[in-house]
Structure formats: C-alpha cells, structure tokens
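I kept this notebook while looking through a structure, step by step. Have the sequence and the 3D view open beside you as you read.

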Amino acid sequence: MAEAPGSRATGGARLLVAVYALFAVAATSRAAVQIATKFDEAPLAYLLSALAAAVYVVATVAISRRTPAWHRVALAACTFELLGVLAVGTLSLFDAAAFPDATVWSVFGRGYLFVPLVLPVAGLVYLRRHPVPDHALREPGA
Amino acid sequence: MNTALSVVVAGLSLALAAWTVVVAVAGSGIRNSLLAGLLALEGLLLVQLVVGVVLVAGGQRPPSTVTFFAYLVGVLVVLPVGTLWSVAEKSRPSTLVLTVACVAVAVMTARLLQMWADARG
C-alpha cells in the first residue's frame, strides 16, 4: 500500500501517535488546571508539568509527519522527553519537597503506570526503525 | 458519584480493552459486536455524567469540582476519537488504538471514583 507523502501511514505509527496524543491532552489539561488554580503551591513542579505537556504536543505532531525536518524534531522531542522523565523522576525521589503534587514525570511516571518512561523509548525505537526515505529529501515542500 | 455505576463502567471498559487485544492478535478486524459494546460503554459514560451533575447540584462537592467535571466530560470524547482513529486504517496496530482508548476510559473512571471518595456533602 502506498504511503501518503508527508504523513506516516503505518499502523504502528498510528498507535504511537494515539498514545502520544492521549498524553499530550492529559498533560496539557493537568498543567493548565495546576497553573490556573494553585501555581503558588509548587511553581517548579507545575512549570515542569507545562514543559512536559509541550514536549508531548510537539512529539505527537512530529511523529505523525514523515519529512526529514519533522523526523529530526521527533528525535529531539523523544530524547528530551526521555532525559526529562529520568531527571524529574530522580529529583522527585530525592527532593520530594519540590514536588508536593505529582507531575506526569514524577517518580518516572508512576501515577501514569510508568507509560511516560516507556513512551520515549518506544518513540526512539520507532523513529530508528522507520527512517525517512531519501527520496523524501528531494520532495518539494517536504 | 454512584460507585456501583462507575465500577461497572471501569469493568466494562477493561473487558472491551481485552476484547480489542484479542481482535488485534487474531487480525479479524473490528466487527459490529465490538462497536456495539463501545456504544454501550459510551452510553454508560453519558449516564455517569448525568449522575455526577445531579449529585453535585444536590450539594456534594469533590475536592476540585472543575477537575471532576473535566474528567466526566473529557471521558466522553475518548471512545469516539479512538474509534474513528482506529477504523480509519484496517491493521492490527491500529486496532490497538482502541485498546488504548478503553484503558484510558478505565483509568479516568478510576480517577473519578478516587475524587468522589474525597467528596464532602
């Protein structure tokens, strides 16, 4: 089956994008509520929530596009996401005071069944296995 | 919150999640019986929303009413979006999109129950 140029048409990508989209919506809503209603309680944690949400949104869009530029953005977003969940996960274990309220990435995403820890790895593996074909480089507007 | 109703909702969504895994593994494609199950679950979610509104209107208050309603309303969107996304392409992995949607409904319902347990009336 021919793939539409500029979009990823494989089912695996569809699944990955679906999970990313779910986390993008969940993280964005949570960060919005936290910042709007109780920002003063834990500014660091809530700003990290917002950052995590932004990364999920970018990753969702980037993985669903199949152009060299978006592929690089997707790689960057997934890498940042993996580093973020590891850093925030570790910090939240050792400095619980800074994280009185859980964020998506607290304790490596325990509140989200550790999906936040698995997701960037799945994303990076997927991107590595499905590189953007060379002809895409020459496509106008790609 | 009607705890029994939400437990049924969570149980049904987990059962449907298992069903979608079976369908994906067997590669048999999404049949009408599965769609009927999803429709039934969506119907129960609507009932759950109505029950939640009636109870809050009756004076019971979860710790964050805004979050509570965001979950009650947000959970309605998950299955339609997941279903459209899933049937748009017939392949095994895209059937698993429905699994994700059903698990998400179960998790959101569990969060609703948790919030309601902390409610004061």
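In what order do the elements of chain A run from the N terminus on? I read them off as β-α-α-β-α-α-α. That comes to five helices and two strands; helices (H or I, at least four residues) and strands (E, at least two) are DSSP runs, numbered from the N terminus.

A note on what I am looking at: this is a predicted model, where local features need pLDDT of at least 70, side-chain atom pairs count only at pLDDT 80 or more, and totals for chains, interfaces and linings use all residues. Residues are numbered from 1 along each chain as its sequence is written, while chains are lettered from A and ligands numbered from 1 in the order in which they are written.

I looked up burial next, and 35% of the 142 residues of chain A count as buried. A residue is buried if 20 or more other C-beta atoms lie within 10 Å of its own, exposed if 12 or fewer, and partly exposed in between, with C-beta atoms placed from the backbone. Then I turned to contacts, where two residues qualify if their C-beta atoms, placed from the backbone, lie within 7 Å. Of the contacts in chain A with a separation of 6 or more, 64% join residues 24 or more positions apart.

**Chain B.** Here I found four helices and zero strands, in the pattern α-α-α-α. The C-alpha trace spans about 50 × 20 × 20 Å along its principal axes. Buried residues make up 31% of the 121 residues in chain B. Residues 24 or more positions apart account for 79% of the chain B contacts with a separation of 6 or more.

**A helix pair inside chain B.** I followed helix H1 (residues 3-26) and helix H2 (residues 32-57) of chain B, whose axes come within 10 Å and cross at roughly 160°. That makes H1(B) roughly antiparallel to H2(B). Axes are lines fitted to C-alpha atoms, for helices over the stretch in contact, and angles run from 0 to 180 degrees between N-to-C directions. Angles under 35 degrees count as roughly parallel, over 145 as roughly antiparallel, 65 to 115 as roughly perpendicular and the rest as oblique. By class, this contact of H1(B) with H2(B) has 14 nonpolar, five polar and no charged residues. For the classes, Ala, Val, Leu, Ile, Met, Phe, Trp, Tyr, Cys and Pro count as nonpolar, Asp, Glu, Lys and Arg as charged, and the others, Gly among them, as polar.

**Between the chains.** How many residues of chain A are in contact with chain B? I noted nine, and they meet 13 residues of chain B. The chain A side divides into five nonpolar, three polar and one charged.

**The core.** Last, I checked the largest nonpolar core, which has 59 residues. Such a core is a set of buried Ala, Val, Leu, Ile, Met, Phe, Trp, Tyr and Cys residues joined through C-beta atoms within 7 Å. A:Tyr20, A:Ala59 and B:Val105 have the most contacts inside this core. Leaving aside neighbours within four places in sequence, B:Val105 is in contact with B:Ser13, B:Leu41, B:Val75, B:Val78 and B:Leu79.
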